[in-house]
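Here are my notes on the model you sent over. Have it open while you read, and follow the points in order.

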Amino acid sequence: MEGIDWAAAAKGTTARKPGVRPGLGARVRSCPPMKTRFAPSPSGHLHVGGARTALFNFAYARRLEGSFLLRIEDTDQKRSSDAASIGFLKDLAWLGIRWDEGPEFADGHVHCGGGKAGPYFQSERLEVYADELNRLVREGKAYHAFDTPDELEAKRQAARAEGRSYRYDRAGLMLSPDTVQRYLDEGRPSVVRFKAPEGPVTIADEVLGSATLPAGEVDDFVIRKADGYPTYHFAVVVDDELMGVTHVLRAQEHFNNTAKHILLQDALGYRRPVYAHLAIICNPDGSKMSKRDKDRILRAAVKERGLEAPPHGTMDDAVFEAWVADKNVQLDLEHAMRLADALDVQLPEINVDDFRRSGYLPEVLVNFLALNGWSPGGDREKFDLAFICREFDLPRVIKTPARFDRTKLLAFNLDALQAMPREAFVDRVRAHGDEFHPFFMEHLSEAQFELLAAASHERSKTLDDMFRTNRWVLTPDEKLAWEDTKPVRKALTGGGPTGLDQLRALQPILADLADWTVPELERVITEFAQAHAGGQLGRIAQPLRIAVSGGTVSPAIFDTLAILGKKSTLRRIERCLEWAAASAGLAG
RNA sequence: GGCCCCGUCGUCUAGCCUGGUCUAGGACACCUCCCUUUCACGGAGGUAACACGGGUUCGAAUCCCGUCGGGGUCACCA
C-alpha cells in the first residue's frame, strides 16, 4: 500500500443529501435501513459494465451500512430463463461482490442470497404486479389499449416521416367502457398503458444533478404486455418499493426512464428512492462496449478474408451460415474462440469471465472497474474492495463515459502479480492452469510445474502468460520444430565460433553433468561462456534456448534447462544440430 | 430530428462546488537513455491537455452565455 492522504480522502466522502428521502412521510416512523440493488436481466455472463454497476451498489451499501439486494428482471419471455441464465452469479462472487438478499448462491465458503422480500425473480411475482396494476386501472390511472404492434409501428413511421417525435395517441382511452369490456370478453389481445399525467417531470440525480423533462416527454407507456407480463418500468417500480430499495445506482441509459418511474411511483403512492446514474463504459474507439463486439470483430475478419465456409474444425457449416446470414446472431463462446484461433484474431474481453480466462486477478479488475467511473481523489489509484467499500461515495462518481483501457488494466495486473509472494503466485497460476489449461497441467510433473511457474513469475502480466508462451515444454522431443527466422539464424550461425559450434562444444560438458540443477547448470555454463565467449553469456544462452525451445523466448536459460531435464535437453540439442545441418544456409 | 446529459494530456483521472498556491498534478501508453542471458521486469529523463468564442472579475481550468463536439434516450427489451 502506498501512502494515503486520509484527511483529503475523507473530505469528499459525504453524500450530497444524506438521508433525504422525498415523499417518505408517515408511512415509516424512522428512516428505514438503506438498501441498494443490482437488477440485471438474466444472462450467462456478467458484462463489465454490469459488474461495475453491481460493484458500486454493493460498495455503497457497505459504506452506508445498509444492505445490497440482487433481483433478476426476467419479464421478457423471449429471453431464456433457464438455470444457465443466472450463470453470471458466479462472476459476481468471483469479484467478491456478495448480495445480502436475492437468489441463493453457494460456492465453497461463499453463501449469498435469501431474504424475506422474495421471490427475487420477477417472473415469479406476477400476482404482485397484477394487484398493483388492477389498482391503477380501477383508479383510472391506467387503461387497456388494443392497438396491434403493426398499427403502432405504422404510426411511428408516419411521425418520423413528418419529422416529429412519436407519442402514443391515446386511442385506447377513446374507447367507451362498454367497448373495452366487450373487447376484453372477446379475448382481443391488449396491453395496459399508464395514463401519464401532464406537466414537466423533474429528475433528481445524485450524480448528474437534477434535470427537468418538459411536459409531453413521457407518453402513455405500456405497463403490462399482451402476454400478461409487466414491462420493465412497472416491475422495477413495484419491486423497488416492496423490497425496500432506497438507493438506485444504475446505468445512464436509464436516466430518461426515471421520469416514467417517478410518475408511476406518484400514481401508486410509493416512496421515491435516491437515484444516481452511472456513465457507460466505452471501447477504445468510443463506441459503447457491447457483448456483440466479439461477433463484430470476427465478422470483419471473415469478410476481409472472403471466407465462405468455416475454417476446418471450428464449427458446422450450418452454424456458420446462420451466423453470416444474420448480423444479430451471436456465436457461442466455444465457436467464437475457435474461429478467432483459426483466423488468428484477438477477441476483446467483454465479460467478467473473459478477463478471468485471460488471467486477470479479480482484485485488479475490481480496482480498475472502480477507477472507471469513480475516483477516491488525489493521486490514489491502487486500492482494494475493502477500500472501495469504505470510501465509495456519490459526489466522486465521474459523469463522463470512460473508455476501457485494457493496456492500463494489464499494467495494473502486472503490478499486482509482481507484488505477490512467490508461493501465492504459484498457487494462483496452478488454479488457473487446472481450470483453463488441463492439458498443460497433466503433461508436467509437479516439480516441473513449480520450477516453470516460479521462473515465469517476474515476466508474467497475467496468470495465463506462462501457458501461452511456453508451449515448448509440452512438445515431445522428437516433434520439436525450429523457427527459421532472422533472430534464430543470427544466434545459430553468427559469431566467431558460431552458436552451433558452441552447442557442439557444450554437448559433452552437459552430458557429463551429474547434478542437473539450476546452480550447477549456471556454474558450468557460465564457466563455458567465460572460456569460449569472452564471458558473454548471451552468445551461449541464445543458441541453447533456441535448441531446446525452438524459438528465442523462454524463461532464464538455467531455469529453462532445469525444467526440461537432462535427457530432453541433450536430445533437443542433438536434433537441433541435425536440423541445422539439413537446412540450407544454416550449416554452421 | 425532439428531449436529456457530458466536454482537463492519446487514455483513465486530480484540480472545478468554496476563482489566485495551476508556468495544470498522478497513472497507463508513447519517445530517449541505462540495466540485461531471450522475452519481460526494473531505473533515469522527456513529449503531451484545460474543445472554441464571448462575457463577469484586478485575476478563470474553476462562475455565466453561446458555438462546436461526444454520449444517452425516444419499444408490448431491460
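1. Start with Asn351, which sits in the loop between α12 and α13 (352-357). (Helices are DSSP runs of H or I with at least four residues, strands are E runs of at least two, and both are numbered from the N terminus.) Is Asn351 buried or exposed? Its relative accessibility is 11%, so it counts as buried. The cut-offs are under 20% relative accessible area for buried, over 50% for exposed and partly exposed in between, using a 1.4 Å probe and protein chains only. Leaving aside residues up to four places away in sequence, Asn351 touches His45, Leu46, His47 and Lys294; contact means heavy atoms within 4.5 Å.

2. A word on the ground rules: this is a predicted model, where local features need pLDDT of at least 70 and side-chain atom pairs count only at pLDDT 80 or more, while totals for chains, interfaces and linings use all residues. Residues are numbered from 1 along each chain as its sequence is written, chains are lettered from A and ligands numbered from 1 in the order in which they are written, and side-chain values use heavy atoms, with hydrogens and water left out.

3. Helix α10 (residues 293-304) packs on helix α12 (residues 333-343) at an angle of about 40°, and their axes are 11 Å apart. (Axes are lines fitted to C-alpha atoms, for helices over the stretch in contact, and angles run from 0 to 180 degrees between N-to-C directions.) The α10 and α12 crossing is left-handed; that is the word if the near helix is turned anticlockwise from the far one by less than a right angle, with right-handed for clockwise. Which residues meet here? From α10 come Lys294, Leu298, Ala301 and Val302, and from α12 come Leu333, Ala336, Leu339, Ala340 and Leu343. Sorted by class, the α10 contact with α12 has eight nonpolar residues, no polar ones and one charged. For these classes, Ala, Val, Leu, Ile, Met, Phe, Trp, Tyr, Cys and Pro are nonpolar, Asp, Glu, Lys and Arg are charged, and the others, Gly among them, are polar.

4. Now take helix α8 (residues 232-242) and helix α9 (residues 257-268), which pack at an angle of about 55° with axes 10 Å apart. That angle makes α8 oblique to α9. (Under 35 degrees is roughly parallel, over 145 roughly antiparallel, 65 to 115 roughly perpendicular, and the rest oblique.) This crossing of α8 and α9 is right-handed. On the α8 side you'll find Tyr232, His233, Phe234, Val236 and Val237, meeting Asn257, Lys260, His261, Leu264, Gln265 and Leu268 in α9. The residues of this α8 contact with α9 split into six nonpolar, four polar and one charged.

5. On to an open sheet of three strands, in the order β5-β6-β9 with antiparallel pairing. β5 and β9 are its edge strands, each pairing on one side only. From one strand to the next, the twist averages 45°. Strands of a sheet pair through backbone hydrogen bonds, either parallel or antiparallel; two strands are called paired if DSSP finds at least two bridges between them.

6. Look at β6 (residues 191-194) in that sheet. Strand β5 (residues 142-145) pairs with β6 over four bridges, and Ala142 has Phe194 as its bridge partner in β6. Strand β9 (residues 222-224) pairs with β6 over two bridges, with Val192 opposite Arg224. Both faces of β6 are covered: Val191 and Arg193 on one side, and Val192 and Phe194 on the other, are all buried.

7. There is parallel pairing too: β10 (residues 247-251) and β11 (residues 274-278) share five bridges in the parallel sense. Leu249 has Ala276 as its bridge partner in β11. Strand β10 is mostly covered, with four of its five residues buried.

8. Last, some backbone angles. Glu65, in the loop between α2 (48-63) and β2 (67-70), has a positive phi near 55° without being a glycine. Glu65 is exposed, at 74% relative accessible area. Arg170 also has a positive phi, near 65°, but is partly exposed at 22%.
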